[in-house]
Amino acid sequence: MGKPTQIEETKITILDVRIAVSVLLCFLISMVLSHAGFLFTVGEKHIEIVQRMTVCISCLLCCQDNLMISRKAGINRIIITFIGGLVGIGVILLDNVIGNDWIMAVMVFIGIIVTLLLCKAARVPYINARIGGVTFILVTCTLQGSERIYYGCFRFISTLVGVLVVMLVTWIFSLFSKKKADA
């Protein structure tokens, strides 16, 4: 018989609270900016510049145990979002010229390969390279036509905002925990 597995106690941790605070702040930032009209309009379509979903997901993926690890996760997230978005924009530009769904399917295949390869070349962990692939898919498949290019650019901006909020929240929490430890 093997060793009994240790079951983690179910409780809310300070990391859970930091993640939730970061998500809340990002949600509010996006909401306030959207309500203030900080949107990009293409035809009749309004695209969030700070995308609520993207900015909140960045918090979930980047908020880690401490500032140094969160910073590294944030840098990786920025790299993979940039790579996936850039490859996606390249595919979109070709698709806007070619306009054939069968060729687009082949370009998506090639785009995923290129995204994974470039993420590996950037030396991010392989799971992050896969998330770069998710960015590529979202950029190429979420909207239609040139709207996808704007979506890709604003996805990158949203990721930056999320990473910055995580850094700020993690730093503030670390200040309070340091003061508490010193007391």
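# Charged pairs, aromatic pairs and buried positions

Arg52 is partly exposed, with a relative accessible area of 24%. The structure that holds this residue is a predicted model. The side chain of Arg52 meets that of Glu48 in a salt bridge, with 3.7 Å from N to O. Glu48 is partly exposed too, at a relative accessible area of 23%. Arg52 also lies over the face of Phe27, 4.9 Å from the centre of the ring.

Side chains of opposite charge can pair when their charged atoms come close. In this model the count comes to two salt bridges. Besides Glu48 and Arg52, Arg148 forms a salt bridge with Asp95, and the closest N and O atoms there are 3.0 Å apart. This pair links distant parts of the chain: Arg148 is in helix 6 (residues 147–182) and Asp95 in helix 3 (residues 67–98), 53 residues apart. Arg148 and Asp95 are both buried.

Glu147 lies in helix 6 as well. Glu147 is buried but has no salt bridge. Leaving aside residues up to four places away in sequence, Glu147 touches Val42, Lys45 and Ile47.

## Aromatic pairs

The count of aromatic pairs comes to three. One of them joins Phe40 and Tyr150; the pair is tilted, with 4.4 Å from centre to centre and 40° between the planes. Phe40 is in strand 1 (residues 39–42) and Tyr150 in helix 6, 110 residues apart, and the pair links these distant parts of the chain. Another pair, Phe82 and Phe156, is edge-to-face: the centres are 5.7 Å apart and the planes stand at 65°. Phe82 lies in helix 3 and Phe156 in helix 6, so this pair ties together parts that are 74 residues apart in sequence. Phe40, Tyr150 and Phe154 form one aromatic cluster.

| Residue | Relative accessibility | Class |
|---|---|---|
| Phe40 | 27% | partly exposed |
| Tyr150 | 31% | partly exposed |
| Phe82 | 45% | partly exposed |
| Phe156 | 23% | partly exposed |

## Helix 2 and its cover

Helix 2 spans residues 52–62. Buried residues in helix 2 are Thr54, Val55, Cys56, Ser58, Cys59 and Cys62. What covers these buried residues includes helix 1 (14–35), helix 3 and helix 6. Helix 3 and helix 6 are also the helices that hold Asp95 and Arg148, respectively, and Phe82 and Phe156, respectively.

## A positive phi in a loop

Most residues other than glycine have a negative phi. Arg123 has a phi near 60°, a positive value in a residue other than glycine. Arg123 lies in the loop between helix 4 (101–121) and helix 5 (126–141). With 71% relative accessibility, Arg123 counts as exposed, because the cut-off for that class is over 50%.

Notes
Residues numbered from 1 in each chain as written. Predicted model: local features only at pLDDT ≥ 70, side-chain atom pairs only at ≥ 80, totals over all residues. Heavy atoms only, no water. Salt bridge = Lys/Arg side-chain N within 4 Å of Asp/Glu carboxyl O. Buried < 20%, exposed > 50% of the residue type's maximum accessible area, 1.4 Å probe, protein only. Helix = DSSP H or I, 4+ residues; strand = E, 2+ residues; numbered from the N terminus. Contact = heavy atoms within 4.5 Å. Lys, Arg positive; Asp, Glu negative; His and termini not counted. Phe/Tyr/Trp six-rings, centres within 6.5 Å; stacked < 30°, edge-to-face > 60°. Lys NZ or Arg CZ within 6 Å of the ring centre and 35° of its normal.
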